[in-house]
Amino acid sequence: RTTLKPVAAEQDQKLTYMPLLIKAAILTLKKLPQFNASFDHDAEEMVYKNYFNLGMAVDTEAGLVVPNIKDADQKSIFELASEVERLAGLARERKLTLPDMQDTTFSITNFGAFGLDSGTPVINHPEVAILGMGAIKEKAWVKDGELGAHHTITLSLTVDHRVIDGGDAGRFILEMKKYLQNPMLLLLA
């Protein structure tokens with residue numbers, strides 16, 4: 001993010017961590033499609049989505065709303081940044097339309113916006129999972145045998161255990177970790 005921030009500024013973009021997390025989530029969802037799905041109660045079966053409409057929880061004076069970035073998998077990090085800013089602005093101005101909030105396939109909520117390290121996100125029905133992100137903080141960390149200050153984030157994942165088990169949830173977090181520890185992978189995808 002530090003490297004890309006000046007490039008984003010040249011294009012009148014504000015680059016927060018959220019677009020990077022969204023990009024990592026999309027790449028993870030492509031590898032683990034059971035998370036980009038819903039559960040059809042009547043047919044008692046999973047409905048896998050072939051599109052990626054990523055929801056992002058936005059705190060407003062009127063309460064929490066979850067607009068989504070349509071076809072997020074087809075957007076660059078800078079395009080995702082624009083959509084995050086646009087949708088958050090519309091949410092705070094209470095100008096979201098119904099299509100802005102319909103057909104979400106997976107959601108992310110940001111506890112870090114409140115300075116919290118972690119939380120337990122609640123699944124946005126009919127989705128089958130939601131990712132929570134804590135505050136990104138610099139902490140003492142041992143890396144390659146050396147103690148140093150490193151940025152860390154706590155991710156939490158809530159899943160519908162009727163259709164996703166703990167093993168798959170663990171694999172999801174490990175895949176996210178891979179992208180976040182080596183963000184160049186986000187640019188290469």
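Strand S9 (residues 137-143) and strand S10 (residues 146-152) run antiparallel and are joined by 7 bridges. Two strands pair if DSSP finds at least two bridges between them. Helices (H or I, at least four residues) and strands (E, at least two) are DSSP runs, numbered from the N terminus. S9 and S10 form a hairpin with 2 residues between them. Asp-144 sits in that turn, with a positive phi of about 55°.

This is a predicted model, in which local features need pLDDT of at least 70 and side-chain atom pairs count only at pLDDT 80 or more, while totals for chains, interfaces and linings use all residues. Residues are numbered from 1 along each chain as its sequence is written, and side-chain values use heavy atoms, with hydrogens and water left out.

**Hairpins and paired strands**

Strands S1 and S2 also form a hairpin, with 4 residues between them. Glu-44 in this turn has a positive phi of about 50°. Within the pair, Phe-39 stands opposite Met-46 of S2. Ser-38 has Val-47 as its bridge partner in S2. The parallel case is S7 with S8. There, Thr-109 is bridged to Gly-132 of S8.

| Strand pair | Direction | Bridges |
|---|---|---|
| S1 (residues 37-40) and S2 (residues 45-48) | antiparallel | 4 bridges |
| S7 (residues 106-110) and S8 (residues 129-133) | parallel | 4 bridges |
| S9 (residues 137-143) and S10 (residues 146-152) | antiparallel | 7 bridges |

**The open sheet**

An open sheet is built from 5 strands in the order S6-S3-S7-S8-S11. Its pairing is mixed. Strand S6 (68-69) and strand S11 (155-159) stand at the edges with a single partner strand each, so one side of each is left without a neighbour in the sheet. Helix H2 lies across strand S3 (54-56), S6, S7, S8 and S11. H2 runs at about 145° to S7.

Two packed helices are described by the angle between their axes and the distance between the axes. Axes are lines fitted to C-alpha atoms, for helices over the stretch in contact, and angles run from 0 to 180 degrees between N-to-C directions.

Helix H2 (residues 18-31) meets helix H5 (residues 166-181): their axes come within 9 Å and cross at roughly 135°. That makes H2 oblique to H5. Angles under 35 degrees count as roughly parallel, over 145 as roughly antiparallel, 65 to 115 as roughly perpendicular and the rest as oblique. The H2 and H5 crossing is right-handed. A crossing is right-handed if the near helix is turned clockwise from the far one by less than a right angle, and left-handed if anticlockwise. Contact means heavy atoms within 4.5 Å. On the H2 side, the contact includes Leu-21, Ala-24 and Lys-31. On the H5 side, it includes Phe-172, Glu-175 and Tyr-179. The residues of this contact divide into 9 nonpolar, 1 polar and 3 charged. Ala, Val, Leu, Ile, Met, Phe, Trp, Tyr, Cys and Pro count as nonpolar, Asp, Glu, Lys and Arg as charged, and the others, Gly among them, as polar.

H2 also meets helix H3 (residues 77-92), where the axes come within 8 Å and cross at roughly 120°. H2 is therefore oblique to H3. This crossing of H2 and H3 is right-handed. The contact is made by Met-18, Pro-19, Leu-20, Ile-22 and Lys-23 of H2 with Ile-77, Leu-80, Ala-81 and Val-84 of H3. By class, the contact of H2 with H3 has 8 nonpolar, no polar and 1 charged residues.

**Loop details**

Most residues other than glycine have a negative phi, and most peptide bonds are trans. Asp-71 is not a glycine, yet has a positive phi of about 45°. Asp-71 is in the loop between S6 and H3. The peptide bond from His-125 to Pro-126 is cis, with omega near 10°. Pro-126 is in the loop between S7 and S8.
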